[in-house]
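Thanks for making the time today. I would like to walk you through one assembly, going from the chains down to a pair of helices.

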Amino acid sequence: MSGCNCSGRDVLIPQVGVITDIRTETPDVKSFRVCAPGGGKLFEHMPGQCAMLCVPGVSEGMFSITSSPTVQDYQEFSIKRCGMLTDHLHSLSVGDQITVRGPYGNHFPVESELRGKDLLFVAGGIGLAPLRSVIGYVSDHRADYGTVDILYGSRSKEDLVKYDEITGVWSKADGVNVHLTIDRAEDGWDGHVGFVPAYLKELGFSSDKTALLCGPPIMIRFSLETLMEMGFSKKQVYTTLELRMKCGVGKCGRCNIGSKYVCKDGPVFRCDEIDALPDEY
Amino acid sequence: MTQRLSREELPRLYAAIAQVADLFLPVKRAGKTNFALWNTQTEVDLDTLKTAKSPKDLFFPQCEPLYTCDWREGNLTVTAQALAERDFVVFGVRGCDLRGLDVLDRVFLSDPVDSFYAARREHGTVIAFACREPEESCFCRTFGVDCAEPGGDVTVWLTDGTLYWRANTPKGQALTDRLDLLGKTDDADEQRLAAEQTAAREIIDRLPYANLFLDGWNGDATEARFASPLWEKLYRPCLACGACTFACPTCQCYDIRDYDTGNGVQRFRCWDSCMYSDFTMMAHGNNRTSQMQRFRQRFMHKLVYFPANNDGMYSCVGCGRCVEQCPSGLNIVKVIKAFEKEAKK
Amino acid sequence: MQELIERAKALLADGTVSRVLGWRATDTPFGPEPAFFESGEELNEFVYNCFCGANLSKYLIESSALEGKTLAFLKPCDTYSFNQLCKEHRIDRGKTYIIGVGCKGKITVERLHELGIKGILDVEDAGDTLTVKTLYGEKSCPYSDAMLERCHACKGKEHRVADEVIGESADTTDTDRFAKVTELEQMTSKERYAFFQAELSKCIRCNACRNVCPVCNCRKCVFDGNAFDSVQKANATEFEEKMFHIIRAFHVAGRCTDCGECSRVCPQGIPLHLLNRKLIKDMDAFYGEYQAGEDTSTVSPLTAYTEHDIEPEAGKGGNE
Amino acid sequence: MSIDDRDFRPVIAAFCCNWCSYAGADLAGSSRMKYPAEVKIIRVPCSCRVNPMFILRTFEKGADGVILCGCHPGDCHYSTGNYYTRRRMASLISLMEFVGLERGRVRVEWVSAAEGAKFAETMNEFVEHIRALGKNTRLEDLRCKN
Amino acid sequence: MQKIGVFVCHCGTNIAATVDVLRVVEAAAKEPGVVHAQDYPYMCSEAGQALIASAIRDKGLTGIVVCSCSPRMHEATFRKCAERAGLNPYMVEIANIREHCSWIHKDMEEATQKAIILARAAIAKVHLNTPLAAGHSQVTKRALVIGGGIAGIQTALDIAEAGYPVDIVEKNPSIGGRMAQLDKTFPTLDCSACILTPKMVEAAAHPNIRIFTYSEVERVTGFVGDFTVDIRKHARSVDMDKCTGCGLCQEKCPSRKTPDEFNRALGTRSAIYTPFAQAIPNVPVIDREHCIKFKTGKCGLCQTVCAAGAIDYTQSDEIVSEKYGAIVVATGFDTIKLDRFGEYAYDQSKDVITSLELERIMNAAGPTGGHLERLSDGRMPREMVFIQCVGSRCSDGRGKSYCSKICCMYTAKHAMLIRDKYPDVNVTVFYIDVRTPGKNFDEFYRRAVEQYGVNYIKGQVGKVAPLPDGRLRVSGSDLIDGKAVEITADMVVLATAIEPDPSARRLASMLTASIDTNDFLTEAHPKLRPVESPTAGVYLSGVSQGPKDIPETVSQAGACAAKVIGLLAKDRLTTNPCTAHSDQLLCNGCSACANVCPYGAISYEQREVNDHGVRGERRIAVVNNALCQGCGACTVTCPSGAMDLQGFSNRQLIAEVDAICR
């Protein structure tokens, strides 16, 4: 995997990626499809893994791969505008080149623990990005998994990332239930209104599901509490952590929480594993 | 097999090694001794026990280019930095610093391998240098280093008049084979050498920090140690400089940065310090906002997290540089002693 | 020392101050560390001896943000830094209680190492001489031989600011503080270059000089930001070391009190104070004598001007 | 003097204040006065805008000489800017010489908007001086060159 | 990533003759971010601007670089062009490849290379430009005119006539200035007072004009549209409201030995005085330096005789603080001191006089009652010599390098008037050149020579030597005949160079208006903006800007008024957005920046700051954008780099440096 030096390239040396498609998801989120200059994917990855995107001379940052590994032609990244690098990425156009290295980190255990389970995806805002990769993977291997529930919330309707795909594809798939919510009521929205944890409680899922949780820290905290109340154990809940990552390979010393490096041992953690880590995230 | 050379012949030895490979050894410049490339003009200093900086930067340089990006005809190209290809010899590495390399190996040679470091390790031959007169700041014994028998590809001992040389590895032997000025030793030499070692070990026993109390420091100690109120008191004098981390033979945190050369962007990495306030700073926050947290991180890493990931191996080697160099008189010894005092209360 | 402890305990007890900034004894005799004390009990670890060279004034920036007053023990030279920090609004004078402590010059164990004394186990201050117990026998040396560089160019025994003074001080000046600067000026440009190249190429960019410097008190150093696209932490080239040290010297020009902490803490023993002293010497010559930190109101020479200042011409830095 | 020396084309940056020296350079231009093409002018609002950091940066990037031009003291468009420049640069130049930079690689000159001739003269003289000094090897970033 | 367009101007052949414009286009096109590059013969032309505008629209450019003439010439043009095309005007950078390149180099290769580098620097800078929005400031609809001579009066009248209030500050007790001292004016020989006095009266009576005489500007703060000026009204010791101007006090004043400034010290005056009969206001002042009452405490005669009870010895200086939108400098001139011109014996003989002194002698209200006589003995001169260019066009550094412009004409006037009134006086004029460009000027001069028989000698006077008999030996040379000339004269008149009034220098510094090496105020542009100072809101009227005669002064005064009216007619002004700003995460609150700010634009606030998740109260520098003029002094004083300047940011300047050194 990431340790493979068979290409002769050090893990810190990136490849050039070409942006082949840019979609504006929300006012501050865009999705970028990236390919190798000659076409095709830059590398293979697993759902939940990340890659380092870099605009040379500007900055570099770790982003989760939004597309499913089953997509053959490209990797997609949904990126929220929140700083110098993301500002710059948002100003790029189709055909522009960036550098990409990765994939980095672990992934959701789609081939092991998650197999055969009923899955509950809980996402808030841009937190949908890593989960979408899993959702895509699960959809393409539908027989290997039980039912799928997707609870996704955002500030407003226009802040829902991948809205068209959610309403157009996912919600029409067999055995998939989509539950959308937005924080405040608005015109043209007849769906649920309220925060994700509250909606979670309202929906009252059975506690034999496996939950995948991703979103802003506050949402994760309350959703986790709700899940506990609903009878989930922490071993049934997976989430992702995000800290400052630089090297991506667990050596530069930045992103550790206790003895774990988020970039290498994460970003996906089972909640009982997080409990064992010192409180420094 | 131990070989010998009279002390006066050392310059010839250096010249002979330099014929074979680049030779780095302790050199005194502007009053401080550090490892530097040998040439006939350099002032070699084997009398200073510890170089101010550890020799780690010969394998993990303070700053090294990784690759260059440039736009050629509108296309972005990435050109990786070539890996080290020249053989080199590091002469005069103390036992503690040699252990430091073992620690770095655990980091950089574990999956995924850091090819820049690996190439240097492959091309470098380490001549370890046994200690004769350890100093008050030394505590390598605590971490199981025997400074009188340090190991390395080659070990050398220096007595008043003689240098003793013993190759330990095939790499060391290969170097030895290319040097024809080393002489044979006799029993008297062996006895003298043994006596030197005994004397050095006796001094070690008398050092104030020879046997620090490490109970409670291990890979499983995270919770207990992390939450200790002692950190709050210990960190206060810390200036948040990087003197300890840059002097340390095992600190390996690095930063990756870009540099606009005018003809492209060069990406390089350079040493970083977990003591620096912006070390973990992100656009939207910082997981270690206080100096206490950063201070704690450094020692937790050396004595808890690293052992947790490396079969109990500590990433402190007891070289004592932090003891000597911290501007505020802080060091790992103080930390260990503070916890010892607490434990024994 | 006991008097200092008693006084501190009293001020803590009557609520005048909420904490005490001083030095704490550690188990190495030559390694007292700067420390905050918040109770009488903690103060039993307080120490004040010949190794208490650290300038404590910079720690007061941090304590200015805390509730209540902080009692700080300052040596005469530390008070200059304190004043300078007050002038720059980094310390709130109202939140401090300053006890001036006596000083007869401070020593450092590094000087003893430089004198060839190894394996030091204990150091005893016997007035004019030091008795050093080592692994390799007992040694002794004159007190002044072990003194910090700055003490040889002492600013005098007056505390520039203090709520009270305890103890006697001595002026330990025994050299002209500009002697080395003058010596360098008289070298050729090439010789000076060789000198600074040798010294500065030892720099490891650990930032100890910057972080200890009382007037290098920026919340975020320019070298840590990207406003100037500076290459932080990297000393790949000799130029960058120069750039860092020249700019650092320039940023503290007119603010540097010549406290000498930069040279004291440099792990590579670079005489960084020479850059500051050169600037001080120049500014004294160009614009009249000025001592930063003497008070909290005089404007620094670089933020002032007269209509007939000297012109920025070549030839002031030293011989060609 | 070797052939290389004769072919030496120094890189020279001239920071010019917008109100006097930049206008002076304009006047030199409109009066068709000649000075070497090595001089490249960077416009700043006032000489006091020039940070010592810029000057070092210029050398870092391979310049062989840096000249800073502003209004004559007393004539600053912002009334006091160049008084500060004068003090700062006096200290900076002295410090740079002190650490071993050759004399005259950094220079400050006051050129008014009316002094086109002085501007051209100054530049001719400065370039000549830098040519004589040769390449700046004492303060230069090696990494740029690889 | 910016999308940058580069536009390279040929400027006809001005650029294209020395710079290979196409290669510049080619090189620029390869720079990162450049998506459009083209050349055009005249970028500033309407067609050129249209090209730029359409490229901005069609290619969605986010920044443009124009490689052309100096930004001082057309930066504003291209900014406006960008704005019309929907691009923020501050996303425009100019590479000066004309004044700084094509015009100074001959070698095409060299110039082309340099032009490429200059273009590259501008591209590098524009990458870091950010759209800036100009702020707005209010305009105080009142103007200040400093100087109450003909220039000031005319400007004030024109502004007042347009309906805006205007104040005149005059340092002397009366307005009128130099023109009031003149006898006749060329080329029509009108009586100076006859044409000036009505204007003075009109100004005094105008409802929109206030006159502060015996007053000086003490302090100026603020900026265009919003200046605050402190005016020091010197204590007059006479109540302006009560005084009837009867003149009795002056008559009775026992102190009568003070040199009379108005008469160039050729006569004396009383300690309480009005400078001249037609003075406005017709209220005397007490010269406290010479007043016996003030010197000894005894006297008080004027108070006794004043029926109106206007004399008030207790008056003190008063500072009036007023707000103005525009300031006009009309400080006029004086003649230079002659102490460095010993060869003319000005200090040795009373009969060597300056032309301005001659004006007073010829004037009916002057010290001799208008009768031409030698000041030494009161005798009528028979032989008069005029020496031109005394201290003008001077190359040895003793005088002024410039031509004082008015001397040729007034000397012709003097010669003509003397010959007209006293036909038996011989008049000789030594000149270097006679310069008479101006309507009816040369005719006037020719009349002096041809009709009035004035003897013009081209040549210089080497020495004027007083003779024992009180006459003067003038030794000169006649360059046309190539011989030495010696004249024994009764009177010598020196056409002394004029220089800006000494108050101009201090005033310029208060106004932050630039002055040249001769202390004349500098224009914003010598040709295109001759009546504006580079400092916004400051205008130049009369000789303070350069030597000129009365008709020129009056026309400039009118032009100046037009500019002021144009400013005052606006309700608000667009402010320069290139101002400093402080990054609150970096600011230490150390006050260094405020110490060096010439505009007092920086203040400090306690603010709660969120520094990457850590909250705390900090002392933070805050820049008042309306006051900041964008010099950047603060940015260098700030050690942490918290202070930066928009439009000339640290990163922008560094990018330029990098591009130049590349």
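Predicted model: local features only at pLDDT ≥ 70, side-chain atom pairs only at ≥ 80, totals over all residues.

Let me take chain E next, which is divided into domain 1 (4-127), domain 2 (143-234 + 317-332 + 501-568), domain 3 (248-305), domain 4 (334-499) and domain 5 (580-645). Between domain 3 of chain E and domain 4 of chain E the C-alpha centres are 32 Å apart, and the contact between these two domains involves 6 residues of domain 3 and 7 residues of domain 4. On the domain 3 side of that contact we find 3 nonpolar, 2 polar and 1 charged residues.

Turning to chain D, how do helix α2 (residues 21-30) and helix α5 (residues 116-133) pack against each other? Their axes are 7 Å apart and meet at an angle of about 90 degrees, and because angles of 65 to 115 degrees count as roughly perpendicular, that is the description that applies to α2(D) and α5(D). From α2(D), the residues D:Ser21, D:Gly24, D:Ala25, D:Leu27 and D:Ala28 meet D:Gly116, D:Lys118, D:Phe119 and D:Ala120 of α5(D); sorted by class, this contact has 5 nonpolar, 3 polar and 1 charged residues.

Note on methods:
Residues numbered from 1 in each chain as written. Chains lettered and ligands numbered in written order. Domains from an automatic or database assignment. Nonpolar A, V, L, I, M, F, W, Y, C, P; charged D, E, K, R; others polar. Axes fitted to C-alpha atoms, helices over the stretch in contact; angles between N-to-C directions. Helix = DSSP H or I, 4+ residues; strand = E, 2+ residues; numbered from the N terminus. Parallel < 35°, antiparallel > 145°, perpendicular 65-115°, else oblique.
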